[in-house]
Amino acid sequence: MTKTVTLIPGDGIGTDVTNSVKEVIKALGTDIEWEVAEAGEKVMEEKGTPLPEDVLESVRRNKVALKGPLTTPVGTGFRSVNVALRKELDLYANVRPNLSLPGLDLRYNDIDLIIFRENTEDLYAGVEHRVGKHAAESIKIITREGTERICRLAFEQAKELGRKHVTVVHKANIMKFTDGLFVDVFYEVAKDYENDFEEIDDRIVDNMSMQLVMKPELYDVMVCPNLYGDILSDLCAGLTGGLGVAPGANIGDDLALFEPVHGSAPKYAGQNRANPLATLLSAKNMLDYMGHEEDASRMQAGIEAALRSPETRTKDLGGTAGTKEFTQAIVSNLP
Ligand code: NAI
């Protein structure tokens, strides 16, 4: 039966990278129909809101969505549509795998890390205000409920994937109440999984940043509050070839929205310059989630074949191909 999936192309390079996914999925012949829902900067100009209600309705109806990046003005203007989508749809887990792909000239060729980032709380709850003219405050929110569900989902998925080591990342030495609660709840949940892992431990976020750069092989699965998860996932993207290759998924109890980790890179919009790989890998994970495992592995094989030669990979990966040429190479290498 044809399954309808919401497609939010997004801003900047969003159309370039989601067009690439449409082409590859068409060539795979997967039984998917796209329902396009526009959000972001350009919609703000037309409709006065960057996140019209019909976008949320579409995701709620279809239960699965693929999203390109959405621009957020810095300092002023509307609040992040990404944060709003995650909060409105209660997509509480941001799952960001980082894997060294074969054929690339990488700093590390054996990275296989997954970050589970809490997606609805922390300093991203948006509770901030000015205090007079010369000060501002932002409130960091961590709840038992919010922490428990991200930790449980992380342990469950890590167990299903046969992972061996789960680490919670925090700054509980300084933020004793908020990060302290996050760590306490992590260890409470961990009691149910003691026999499933070789190691369950914690690291302070600054130390973790250094360790990930120097000895990433020591880590496996990380569970983080929202802000640290956001920052560390870009760091991990840097270990495996940059933002052009890092996929992500926002998961709720019965909804899932797949998206690349990167932003809208406006300078490359419409230039045939953007690397669509992060969005393609997000779509590949979406196919797995939807039960189209065979098409997902065919897509992976096409991607790996296209990455082998510099003529068919994009410039950020040391190649010479544009978005379209790379996409075409994947299509012609699909098994
Ligand atoms: P960015 O991810 O757009 O760009 C950072 C750097 O990576 C730039 O040099 C860019 O050219 C490069 N880059 C990113 N994706 C690439 C790709 N697919 N192919 C080749 N090069 C790529 O981050 P930046 O500049 O901080 O943010 C731009 C806008 O994107 C902002 O409005 C920001 O709020 C938004 N953003 C949206 C996200 C989302 O929709 N999930 C995530 C991160 C940022």
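## A walk around the model

Start by selecting Lys 140 and Asp 179: their side chains make a polar contact of 2.9 Å. (A polar contact is a pair of N or O atoms within 3.5 Å; within protein, one must be able to donate a hydrogen and the other to accept it, and residues adjacent in sequence count only if both atoms are side-chain atoms.) What you have open is a predicted model, where local features need pLDDT of at least 70 and side-chain atom pairs count only at pLDDT 80 or more, while totals for chains, interfaces and linings use all residues. Residues are numbered from 1 along each chain as its sequence is written, and side-chain values use heavy atoms, with hydrogens and water left out.

Lys 140 sits in the loop between β7 (135-138) and α5. (Helices, H or I of at least four residues, and strands, E of at least two, are DSSP runs numbered from the N terminus.) Is Lys 140 buried or exposed? Its relative accessibility is 15%, so Lys 140 counts as buried. (Buried means under 20% relative accessible area, exposed over 50%, and partly exposed in between, with a 1.4 Å probe and protein chains only.)

Now step along to α5, residues 144-160. (The expected span is 1.5 Å times one less than the number of residues.) Among the buried residues of α5 are Ile 150, Cys 151, Leu 153 and Phe 155. Following α5, you'll meet Gly 162 with a positive phi, near 70°.

Next stop, the ligand. Which of the 18 residues around the ligand come nearest? Select Leu 70, Thr 72, Gly 263, Ala 265 and Asn 275. (A residue is near if one of its heavy atoms lies within 4 Å.) By class, this shell has 8 nonpolar, 7 polar and 3 charged residues. (Nonpolar takes in Ala, Val, Leu, Ile, Met, Phe, Trp, Tyr, Cys and Pro; charged is Asp, Glu, Lys and Arg; the others, Gly among them, are polar.)

Zoom in on the oxygens of the ligand. One lies 2.8 Å from a polar backbone atom of Leu 70. A ligand oxygen is also 3.4 Å from a side-chain N or O atom of Lys 67, and a backbone N or O atom of Ser 264 is 3.0 Å from a ligand oxygen. The protein covers 69% of the 810 Å² of accessible area that the ligand has on its own. (Areas come from the Shrake-Rupley method with a 1.4 Å probe; for residues, only the protein chains shown count as cover.)

Head on to α9, residues 277-289. Most of this helix is covered, with 10 of its 13 residues buried, including Leu 277, Ser 282, Lys 284 and Met 286. Just past α9, Gly 291 has a positive phi of about 90°.

The structure holds 0 disulfides. (A disulfide is a pair of cysteine sulfur atoms within 2.5 Å.)

Finish at Met 1, in the segment before β1 (3-8). Met 1 counts as exposed, at 94% relative accessibility.
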